[in-house]
Amino acid sequence: MAPPVHASLIGLSRTPDGVRRLHGTREEVRLVALIDDDPLVRVTWTDRDTGVRGYLVVHTLVSGLATGGTRMRAGCTLSEVEDLARGMAIKAAVFDLPVGGAKGGIDCDPKDPRAKGVLRRFVQAMRPWLDDHWVTAEDLGVPQHLIDEVFGEVGLDQSYHAAIRRSANPELTLRRVRAGLNSPVPGGYLLGDVVGGYGVAQSCLGVAAARGWHNSDTTVAVQGVGTMGGGAAWYLHEAGMRVVMVADAVGALLDPAGLDVPALLDARDRFGEIDRTKVPESVTRLPREAVLSAEVDLLVPAAVSYAITEETADAVAAGVVVEAANVATTPAAEHRLTERGIPVMPDFVANAGAAAWAWWLLLGRVDADAALSFSVLRQEMLARIAPLVADWDHGRVPPRVTALALADLQVERHRAAEADGLRLVTIP
């Protein structure tokens with residue numbers, strides 16, 4: 001396979017027939033413009049018991065497979081799931097994963113006592129895709145243990161089922177996947193629960209390293225303290241960065257000297273909200289939206305999609321935004337932040353650690369050894385963040401543009417390989 005072309009070497013032009021082409025000093029290749037593609041499949045489902053709507057969007061298939069989590073939140077829409085599926089396709093390409101992108105979404109409050117039944121019926125309805133094509137996992141409102149429990153109830157064993165069944169030894173692969181997800185890590189957590197947050201933390205550390213910042217002098221604000229935000233805050237705190245503000249659904253907590261992140265995470269309930277009775281009086285309580293205007297080096301929106309909008313973009317006071325939530329910034333907001341000189345590390349790079357790690361686990365690159373997983377993820381994340389920062393700092397190229405150019409090159413290579421009859425996925 002040809003080496004990746006650094007985005008700073010790439011230019012875009014159009015041929016007389018309007019086809020966009022990519023040209024650089026190493027090679028010339030047709031630009032697929034993945035971000036402009038329409039989804040391959042859209043499915044809308046209505047739960048007969050509750051009337052709740054659910055959605056599946058498959059943006060692309062590679063070797064007949066697509067990957068992407070299943071989320072649950074009140075107000076989830078088909079348009080949102082389309083955006084997320086596209087993002088998953090781009091994540092897979094950026095990390096050279098031999099798989100396409102998909103996403104599931106259910107318009108239901110995960111706190112609703114009927115939520116698990118809704119999730120079970122959604123999984124049953126999507127079974128033709130989950131059997132053969134769609135590899136899903138946790139997402140907003142749906143922790144991994146819950147979706148695996150539901151998969152077990154409907155006879156699918158585990159949420160990676162569509163990939164596991166392709167293995168030469170599915171039982172062995174299933175054991176490896178379960179061992180990896182349930183591997184204990186410091187802090188009393190499981191590897192599968194923290195690996196996404198660890199990847200986000202490495203994105204932040206990569207920005208700091210590229211800028212020459214000292215960890216102890218770097219300040220961070222994190223919106224959301226669930227699986228992704230909590231994990232990121234934990235590992236940034238462990239690395240010596242000063243996490244000065246976090247926010248959950250109740251509000252924001254501020255301590256300019258640095259919050260006691262482990263204590264706050266220990267005070268969370270099962271919905272990721274911090275028990276305020278366990279928060280020291282010295283910590284300032286603020287409205288939850290205050291986190292977006294925190295004067296920090298790194299802002300990590302890790303709660304919901306579309307957290308930063310055109311209306312709120314001017315209030316952002318951080319030096320860099322690192323998207324831990326999927327589609328955390330609207331296009332108009334990102335354009336405004338770019339105008340103001342605030343780069344946005346896009347979600348399909350910054351938070352792709354969980355998706356990439358899951359496929360490395362399936363493909364046998366990592367296993368239940370947490371140290372190996374962390375080492376591989378750290379190296380892969382730093383390698384991808386560094387050129388995004390460099391292109392921004394040296395030429396004001398938005399990080400999203402750099403990353404999309406590299407993703408499109410990878411998609412083109414995958415399509416060419418499939419056209420030549422090559423098998424891109426072999427699961428041991």
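This is a predicted model: local features need pLDDT of at least 70, side-chain atom pairs count only at pLDDT 80 or more; totals for chains, interfaces and linings use all residues.
**Entry 1: salt bridges**

I started with a network: Arg 71, Arg 73, Glu 80, Lys 103 and Asp 139 are linked by salt bridges. My cut-off for a salt bridge is a side-chain nitrogen of Lys or Arg within 4 Å of a carboxyl oxygen of Asp or Glu. By that rule I get 23 salt bridges. The background idea is that side chains of opposite charge can pair when their charged atoms come close.

Residues are numbered from 1 along each chain as its sequence is written, and side-chain values use heavy atoms, with hydrogens and water left out.

Asp 112 and Arg 114 form a salt bridge through their side chains, at 3.0 Å from N to O. Arg 114 is partly exposed, at 44% relative accessibility. For that I use these classes: buried is under 20% relative accessible area, exposed is over 50%, and partly exposed is in between (1.4 Å probe, protein chains only).

Next I checked Asp 132 and Arg 165, whose side chains meet in a salt bridge at 2.5 Å, N to O. Asp 132 sits in helix α3 (residues 127-132) and Arg 165 in the loop between α5 (161-164) and α6 (170-181), so this pair ties together parts 33 residues apart in sequence. Helices here are DSSP runs of H or I with at least four residues, strands are runs of E with at least two, and both are numbered from the N terminus. Asp 132 is partly exposed, with a relative accessible area of 31%, and Arg 165 is partly exposed too, at 44%.

**Entry 2: helix α8**

How far does α8 (residues 227-238) reach from its first C-alpha to its last? I get 16 Å for its twelve residues, close to the 16 Å expected at 1.5 Å a residue. The expected span is 1.5 Å times one less than the number of residues. Among the buried residues of α8 are Gly 229, Ala 232, Trp 234 and Tyr 235. After α8 comes Gly 240, with a positive phi near 100 degrees.

Most residues other than glycine have a negative phi, so I went looking for exceptions. Asp 96 has a positive phi of about 55 degrees, and I found it in the loop between α1 (78-94) and β8 (100-107). Asp 96 is partly exposed, at 35%. Asp 157 also has a positive phi, near 70 degrees. Its place is the loop between α4 (144-153) and α5, and it is partly exposed at 43%.

**Entry 3: His 161**

Last stop: His 161, in helix α5. It is buried, with a relative accessible area of 15%. What does His 161 touch, not counting residues up to four places away in sequence? My list is Leu 130, Asp 131, Phe 151 and Leu 156, where contact means heavy atoms within 4.5 Å. A polar atom of the His 161 side chain also lies 3.3 Å from the backbone oxygen of Leu 156.

Note on methods: A polar contact is a pair of N or O atoms within 3.5 Å; within protein, one must be able to donate a hydrogen and the other to accept it, and residues adjacent in sequence count only if both atoms are side-chain atoms.
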